[in-house]
There are 2 protein chains.
Amino acid sequence: MRVVVPFDAERPKTRLSDVLDAEGRRSFATAMLRDVLAAVRGAGGDPAVLSTAPVGVDAPVEVDPRPLTPAVNDALDGADGPTAVVMADLALASPGAVGRLLAAEGDVVLVPGRGGGTNAFVARHPGFRVDYHGVSVRDHRRIAREAGAEVGHVDSYRLSTDVDERTDLPEVLLHGRDRSRRWLRERGFRIRVDGDDGRVRAVQGQPE
Amino acid sequence: MRVVVPFDAERPKTRLSDVLDAEGRRSFATAMLRDVLAAVRGAGGDPAVLSTAPVGVDAPVEVDPRPLTPAVNDALDGADGPTAVVMADLALASPGAVGRLLAAEGDVVLVPGRGGGTNAFVARHPGFRVDYHGVSVRDHRRIAREAGAEVGHVDSYRLSTDVDERTDLPEVLLHGRDRSRRWLRERGFRIRVDGDDGRVRAVQGQPE
């Protein structure tokens, strides 16, 4: 199946600016993108990056400088068959998890992200379009039903975990795939358990 | 399968104290416990609550006032067959998700929680014991391997989402099961999308 992976090549991961500078955010975002592409390929999918600017990865890249919603809708318009869309910041995505998505039944199969987002979906219905503004998983369910599509869901922690903020970094350090996890470790990020509340945090120390 | 559900009946969910008073936290925690028990039963499991004090729910309750780790290890000591342990604050747990856990292969099957915790597991190996302190999912993997147990994992957003803090409440409002979701809604909790950063928050307004 064709799997579109949208990527913001210009100002990715701005909510990580308290821990990474602009160059670090771009580099980390690209590491996550590469992990996602590897997971898609490992699941037998056929990845295509939909990027706001050129990016050097081992997959076809289509450049579309528009915001996420019109760019993805244009990709859906041009599709001649089932299409999956998988976000580029799913650093925990494994071939097994992506495989469950591609195999799941439904005209539209949604993977909710933490915080109301839609981290991935499969569209097998020509009437489905996206709207990533607001609580998108709720809107996508409604849009699919209004189009007469049968809606399925995939229950995956790996696909529901998008990496936006510092509080997401422990998940990458504990369960991330090759490149993203190594990227953080090589830059000295470590797990620390805070004694006073037992919470797990990502802290930066000496690089390896 | 016997499914032990540990529950802190005395001071549950202290990290929700910025949004709920002590009585509210107890009541909400009990709503979540009831949802978990319903999901376990719906999956064909045989739930048993392991509580620090008596609690009125529709399941056998064993009272053990000790901390989580020794109480659960005592339950594992006394087991004469496979035992699952599922935390009481998994407000998104569905029969389907619990069913995947109970059916998963492995001597020890772990479900990581966000933040390094262990939200649920199945133990089919007599040598497995728990240690919930710190990054428990990492420790549990090690303990299982040292006991010679083959370790499996279940990849479930519903089971990986434990409800500890205010930032977890949107997940309950969007994807929670019957009682927990209704509990929040009846007390006026709603989803709000912040205009400035697009983040989704749970805010409290007028009760329904």
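Axes here are lines fitted to C-alpha atoms, for helices over the stretch in contact, and angles run from 0 to 180 degrees between N-to-C directions. With that in place, let me turn to the structure, which is a predicted model.

I begin within chain A. Helix α1, residues 22-42, packs against helix α7, residues 178-186, at an angle of about 155 degrees, and their axes lie 7 Å apart. Angles over 145 degrees count as roughly antiparallel, so α1(A) is roughly antiparallel to α7(A). Which residues make this contact? From α1(A) come A:Gly24, A:Ser27, A:Phe28, A:Ala31, A:Met32, A:Arg34, A:Asp35 and A:Ala38, while α7(A) contributes A:Asp178, A:Arg179, A:Ser180, A:Trp183 and A:Leu184. Sorted by class, the residues of this contact are 6 nonpolar, 3 polar and 4 charged.

I now move to chain B. Its helix α1, residues 22-42, and its helix α7, residues 178-186, pack at about 155 degrees, with axes 7 Å apart. The helices α1(B) and α7(B) are therefore roughly antiparallel to each other. On the α1(B) side, the residues in contact include B:Phe28, B:Met32 and B:Arg34, and on the α7(B) side they include B:Arg179, B:Trp183 and B:Leu184. The contact of α1(B) with α7(B) has 6 nonpolar, 3 polar and 4 charged residues.

Let us next consider how the two chains meet. The size of an interface is often given as the accessible area lost when the parts come together. Between chain A and chain B, the buried area is about 2400 Å², and carbon and sulfur atoms give 53% of that area. Three residues, A:Arg114, A:Asp155 and A:Tyr157, supply 28% of the area that chain A buries against chain B, more than any other three residues. How many residues does each chain bring to the contact? Chain A brings 30 residues, and chain B brings 30 residues.

A:Glu165 forms a salt bridge with B:Arg199, in which the closest N and O atoms are 3.0 Å apart.

Terms used: Residues numbered from 1 in each chain as written. Chains lettered and ligands numbered in written order. Predicted model: local features only at pLDDT ≥ 70, side-chain atom pairs only at ≥ 80, totals over all residues. Heavy atoms only, no water. Contact = heavy atoms within 4.5 Å. Buried area = accessible area lost by both parts, 1.4 Å probe. Salt bridge = Lys/Arg side-chain N within 4 Å of Asp/Glu carboxyl O. Helix = DSSP H or I, 4+ residues; strand = E, 2+ residues; numbered from the N terminus. Parallel < 35°, antiparallel > 145°, perpendicular 65-115°, else oblique. Nonpolar A, V, L, I, M, F, W, Y, C, P; charged D, E, K, R; others polar.
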